[in-house]
Amino acid sequence: MEMNPLWQQKKLRELFKEKGIIATVYSPLGAKGTLWGKNWVMDSEVLQEIANQKKGKTVAQVCLRWVYEQGVSLLVKSFNKERMKENLDIFDWKLSGEESAKMVLTNCSGVFVMARSDHYTSFTSS
């Protein structure tokens, strides 16, 4: 399933946990470059503040760490060697309770717009 700090999939993760299913998630940075993706995750002021001012990390690293802390398995894609190294630099630090709470508040469980051909379709996520 697609999951990132702005699309947290809390209800689905709760169902999976109840059923003993470990989810594997993709698009932890928001699927930029796809038909349906936007740059909302990487442009999030909350995530940028946590990354730059509090952690000295990249927004991508904060997103990956957040997903990791949710107890799911994670798929990432990169062909850039430096980014691959950055992706692995998420295991020697943690998000604070305050930071995690701010990230919960960034959850966009409202309306998402998905590009489809030459028109847009709105749907509600939770």
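**Figure 1. Gln-70 and the backbone of Trp-66.** A polar atom of the Gln-70 side chain lies 3.1 Å from the backbone oxygen of Trp-66. The model shown here, as in every view, is predicted. Gln-70 sits in the loop between helix H4 (59-69) and strand S2 (73-74). Trp-66 belongs to H4 and is buried there. Gln-70, by contrast, is partly exposed, with a relative accessible area of 28%.

**Figure 2. Gln-70 and its partners from elsewhere in the sequence.** Neighbours within four places in sequence are left aside in this view. Gln-70 is then in contact with Met-3 and Arg-13. With Arg-13, the link includes a polar contact: the two side chains are joined at 3.1 Å. Lys-10 gives another distance to read from this view. Lys-10 and Gln-70 are 60 residues apart in sequence. In space, their C-alpha atoms are 9.7 Å apart.

Figure 3. H4 is mostly covered, with nine of its eleven residues buried. Which residues of H4 are buried? They are Val-59, Ala-60, Gln-61, Val-62, Cys-63, Leu-64, Arg-65, Trp-66 and Val-67. Tyr-68 is also found in H4, but at 41% relative accessibility it counts as partly exposed. Just after the helix comes Gly-71, which takes a positive phi of about 80°.

**Figure 4. The aromatic pair of Tyr-68 and Phe-91.** The model holds one aromatic pair. Tyr-68 and Phe-91 form it, with ring centres 5.0 Å apart and an angle of 85° between the planes. The arrangement is edge-to-face because the angle is over 60 degrees. Where do the two residues of the pair lie? Tyr-68 lies in helix H4, and Phe-91 in the loop between helix H5 (81-88) and helix H6 (97-105). The pair therefore ties together parts that are 23 residues apart in sequence. Phe-91 is partly exposed, with a relative accessible area of 48%. Tyr-68 is partly exposed too, at 41%.

Figure 5. Tyr-68, Leu-88 and Phe-91 make a nonpolar surface patch. The area of the patch is about 350 Å². Two of these names return from the previous view: Tyr-68 and Phe-91 also form the edge-to-face pair.

Figure 6. Ser-27 is found in the loop between strand S1 (24-25) and helix H2 (40-43). Is Ser-27 buried or exposed? Ser-27 is buried, because its relative accessible area of 17% is under 20%.

Figure 7. The protein chain has six helices and four strands. Along the sequence, they follow the pattern α-β-α-α-α-β-α-α-β-β. Of its 126 residues, 34% count as buried. The accessible surface comes to about 8100 Å², and 55% of that belongs to carbon and sulfur atoms. Among contacts between residues at least 6 apart in sequence, 61% join residues at least 24 apart.

Note on methods
Residues are numbered from 1 along each chain as its sequence is written. This is a predicted model: local features need pLDDT of at least 70, side-chain atom pairs count only at pLDDT 80 or more; totals for chains, interfaces and linings use all residues. Side-chain values use heavy atoms; hydrogens and water are left out. Buried means under 20% relative accessible area, exposed over 50%, partly exposed in between (1.4 Å probe, protein chains only). Contact means heavy atoms within 4.5 Å. A polar contact is a pair of N or O atoms within 3.5 Å; within protein, one must be able to donate a hydrogen and the other to accept it, and residues adjacent in sequence count only if both atoms are side-chain atoms. Patches are made of residues with over 30% relative accessible area and no salt bridge: like charges are joined within 9 Å, nonpolar side chains (Val, Leu, Ile, Met, Phe, Trp, Tyr) within 5 Å. Accessible areas come from the Shrake-Rupley method with a 1.4 Å probe; for residues, only the protein chains shown count as cover. A salt bridge is a side-chain nitrogen of Lys or Arg within 4 Å of a carboxyl oxygen of Asp or Glu. Rings of Phe, Tyr and Trp (its six-membered ring) pair if their centres lie within 6.5 Å; planes under 30 degrees apart count as stacked, over 60 as edge-to-face and the rest as tilted.
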